[in-house]
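Please look over the sequence and the model shown below before reading on.

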Amino acid sequence: MSLGGTSGPRVCARICKLAGRRQRMLLRLLVSVAVAFCFLFSSLVSKDEDASPGVETMLVFSDHVRSFVNPVWTSSGRPVDRKRTGPRPCPVCYLPVEQALALRPAKPSLSPVLQSLNYVLEEILIPKESKSGSLFGGFPSLEERDKSYDIKDSMTVHCGFVRGKVPGLNTGFDIDEADHSEMQLCQSTVVASAIFGNYDVMQQPENISKFSKDTVCFFMFLEEETEAAIKNTTIGHTKKIGLWRVVVVRNLPFTDARRNGKVPKLLLHRLFPNARYSIWIDGKLKLVRDPYQVLERFLWRKNVSFAISRHYRRFDVFEEAEANKAGGKYDNTSIDYQIEFYKREGLTHYSSAKLPITSDVPEGCVIIREHIPITNLFTCLWFNEVDRFTSRDQLSFSTVRDKIRWRVNWTADMFLDCERRDFVVQVFSVFFWFDLLPLIFCVLFC
């Protein structure tokens, strides 16, 4: 939710009307100081990487101001830096690209039990029950949901794109045939991102080797609103911007931009059926390490097929749910319904009893994975939860992971979030300044 829009001036006008002269002067002073600090520290501000533009950004900025005005001091007499909402990047050892490539596995990783994964296709769809997801997802029933965790050698599950044989062609989340053909050619590694709702500014990857530029597919998904905004600020062809191949998506399956973003985030194996590896990066982030270095460090070196960073602060789904409610990231009733549903299925608080599982809450802005049947199943079922319940994928991650690992010898590897911050960085968003406009309006017209 943003502070901007048509409601901002009305709210400010009401505040001005009710406030006395002394209070209005104080408001002017406070906002002036806030704006001054914005310009002074704009290069240092780092908002919560899971926050939506608007209110959360302002709240985090207020934390930066408090840290400057009233710093906390260490025992050594040095101030504690609280400009960041999470940990700083920690040292991560990467191999040179050539050495990393030499360690690339010759064969795909083994997929435990599941060897063949197929997807539900249905032309005529009628919801079988309430709260069964979307038309795009195929309205899977609770019985079908339960069966999808009965892992066998060959399975057929709901995984989006149910209304057509070829994902992206007249299935919802539609793409041009030229883009589709290009995506089918990606056979090694794909780095993908998306910007929907014109929320973020496209970031160009940095420190990418010539070999990666020649062999890795870089795809950025946009919808028409974002494409129009980019055309206004880009000179030349907009199909290829820097390293990114730009794909404009039409016939979006959801009205919520964030929920639309879950389609490429979780279903890359459906959009790139021939790719062996993928690295998903949220649109607000910039990749600053070579993709092969990232794959070697987080997949090949550990002999795992799926890696995601754990949340820097929270490990418990119940705490994450309360934080989502407090931050206004989704309506409280829907969050409560989802958590109560999971509790009835056996969800418990995170504790040491779950070790070696280190967390139940991911920082889901980056996903590194190999496309094998078991990881494809995991992200299909994760998407189905996001489709059925709230779009807050942190709430459903551990439920899907645990249901699978209880049945087969597989789990998602979770690395430190400070390690993630070493290979992707968040660039300060221009939308922060737009969120200040209502406050500036108060100063000018009170």
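A nonpolar core is a set of buried Ala, Val, Leu, Ile, Met, Phe, Trp, Tyr and Cys residues joined through side-chain atoms within 4.5 Å, where buried means under 20% relative accessible area, exposed over 50% and partly exposed in between, with a 1.4 Å probe and protein chains only. This is a predicted model, in which local features need pLDDT of at least 70 and side-chain atom pairs count only at pLDDT 80 or more, while totals for chains, interfaces and linings use all residues. Residues are numbered from 1 along each chain as its sequence is written, and side-chain values use heavy atoms, with hydrogens and water left out.

**The interior**

The largest nonpolar core holds 51 residues, of which F173, F221, F272, L377, W382 and I404 touch the most other members. Helix α14 (residues 373-388) gives this core its largest share, 8 residues. Another core, of 36 residues, lies apart from it and has V97, V294, A307 and C365 among its members. Contact here means heavy atoms within 4.5 Å, and, with residues up to four places away in sequence not counted, F272 touches M183, C186, V190, F219, F221 and H371. Of the 446 residues of the chain, 54% count as buried.

**The sheet**

Helices (H or I, at least four residues) and strands (E, at least two) are DSSP runs, numbered from the N terminus, and the chain has 17 helices and 14 strands. Two strands pair if DSSP finds at least two bridges between them.

| Strand pair | Sense | Bridges |
|---|---|---|
| β7 and β8 (residues 244-249) | antiparallel | 2 bridges |
| β5 and β6 | parallel | 7 bridges |
| β5 and β9 | parallel | 4 bridges |
| β9 (residues 277-281) and β12 | antiparallel | 5 bridges |
| β11 (residues 306-310) and β12 | antiparallel | 4 bridges |

How many residues of strand β5 are buried? In β5 (residues 189-195), 7 of the 7 residues are buried, so the strand is largely enclosed by the rest of the structure. In a regular strand the side chains alternate between the two faces of the sheet. Both faces of β5 are covered, with T189, V191, S193 and I195 buried on one side and V190, A192 and A194 buried on the other. Within the pairings of this strand, A192 stands opposite F219 in β6, and T189 stands opposite Y277 in β9.

Strand β12 (residues 362-370) is likewise largely enclosed by the rest of the structure, because 9 of its 9 residues are buried. I367 in β12 stands opposite W280, and I367 is also the bridge partner of I308.

**Helix α11**

Helix α11 has 10 of its 10 residues buried, so the helix is largely enclosed by the rest of the structure. A polar contact is a pair of N or O atoms within 3.5 Å; within protein, one must be able to donate a hydrogen and the other to accept it, and residues adjacent in sequence count only if both atoms are side-chain atoms. D290 caps the N-terminal end of α11, with a side-chain oxygen 3.0 Å from the backbone nitrogen of Y292.

R297, which lies in helix α11 (residues 291-300), is buried, with a relative accessible area of 12%. The side chain of R297 makes a polar contact with the side chain of E419, at 2.8 Å. E296 also lies in α11 and counts as buried, at 2% relative accessibility. Not counting residues up to four places away in sequence, E296 touches L95, A100, L103 and R301.

**Confidence**

pLDDT is the predictor's confidence in each residue, from 0 to 100. The mean pLDDT of the chain is 83, and 75% of its residues reach 70 or more. Over residues 38-49 pLDDT stays under 50, and pLDDT also stays under 50 over residues 51-84. Where pLDDT is low, the predicted coordinates should not be read in detail.
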